[in-house]
Amino acid sequence: MQSNEKYYIDLHCHSTASDGTDTPSRLLEHAAKNRVDVLALTDHDTIDGLAEAKLAADRLGIRFIPGVEISACFAAGEMHILGIGLQDTVQLRTFLQQMVKNRDARNLEILAKLNREGFRITLAEVEAIAKGRIVSRPHMATALLARGYVSSRQEAFDLYLANGAKCYVQRDSPTPAEGITAILAAGGVPVLAHPIQLGLSRKALRQTLLSLQTAGLQGMEVWHSDQNGAVQHDFLELAEDLHLLPSGGSDYHGSNKPHVAIARGIDKNISITDHAIVERLLQQAGMNQRKDIEEVS
């Protein structure tokens, strides 16, 4: 890649291994076409797409960072913890497999509620839409749209599937501390994802971050497609004040979030090009992995 061109960093992306619409290989190809030279794949509660993504990244000359996005319980619904630069370990896979089992149980409850609302949606129908991937709410939204029950997937979420909607079911999720511990044990850097989505005041967010730091949190997502320039400025100040590593990414999901562009978010409001951000995160990941080796030995 030519050094006189501007390239971008995206440390929060999703593939078909969870709820994105691009396969891991296609995601990397899309990133290359959009001048991304560093990318982290952070699928929800799974690392199944990492191997394919790494092969594609090597072929395309993109620096690839393995990651995950863990869904944790939180008073207002869910809190998401990113694991940046982690390793594929038996312990991590066991932890994530339990989360998939919890997700499967939740899916059945959601479908039961949808059926009670009069929507004739079956698990087999949703599984066919998922095409062998982890079944999640976007697949249910697609099923509702295909049958004509809603006019868009967004309407499906707004009326039936989003937190607080008629058919929403809270998942049996790990605590934030448990998610952080699992990431640290795999040598990754735990980063609070899209803090804006927690809906907290500045004071409440600070207290939450301090509590999470006690559990081992090491970073926060300053740049995100839901966080505009003013919010990013405030969050960067907060991260620096609390000695948290700043991170960021688009939260790209392909056509499941058509308004979010890879490495750009919405209206190019993230566009991260500072590679020092990546180096600091990877340096911390290396320290976490060495610490893990020392503890085992």
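Residues are numbered from 1 along each chain as its sequence is written. In this predicted model, local features need pLDDT of at least 70 and side-chain atom pairs count only at pLDDT 80 or more, while totals for chains, interfaces and linings use all residues.

**Exercise 1.** Describe how helix α1 packs with helix α2.

Step 1. Locate the helices (DSSP runs of H or I, at least four residues, numbered from the N terminus). Helix α1 covers residues 24-33 and helix α2 covers residues 50-60.

Step 2. The angle is about 30° and the axes lie 8 Å apart; axes are lines fitted to C-alpha atoms over the stretch in contact, and angles run from 0 to 180 degrees between N-to-C directions. Therefore α1 is roughly parallel to α2, a term for angles under 35 degrees.

Step 3. List the contacts (heavy atoms within 4.5 Å). Pro 24, Ser 25, Leu 28, Glu 29 and Ala 32 in α1 meet Glu 52, Ala 53, Ala 56, Ala 57, Arg 59 and Leu 60 in α2.

Step 4. Sort them by class. Seven are nonpolar, one is polar and three are charged. Ala, Val, Leu, Ile, Met, Phe, Trp, Tyr, Cys and Pro count as nonpolar, Asp, Glu, Lys and Arg as charged, and the others, Gly among them, as polar.

**Exercise 2.** Which residues lie nearest the centre of the largest pocket, and which classes make up its lining?

Step 1. Among the 41 lining residues, Asp 19, Arg 137, Phe 157, Gln 197 and Lys 257 lie nearest the centre. On a 1 Å grid over the protein atoms alone, where a 1.4 Å probe fits, a pocket is an open set of points with protein on both sides within 12 Å along at least five of seven lines; lining residues have an atom within 4 Å of a point.

Step 2. The lining has 11 nonpolar, 17 polar and 13 charged residues.

Notes:
Heavy atoms only, no water. Helix = DSSP H or I, 4+ residues; strand = E, 2+ residues; numbered from the N terminus. Parallel < 35°, antiparallel > 145°, perpendicular 65-115°, else oblique.
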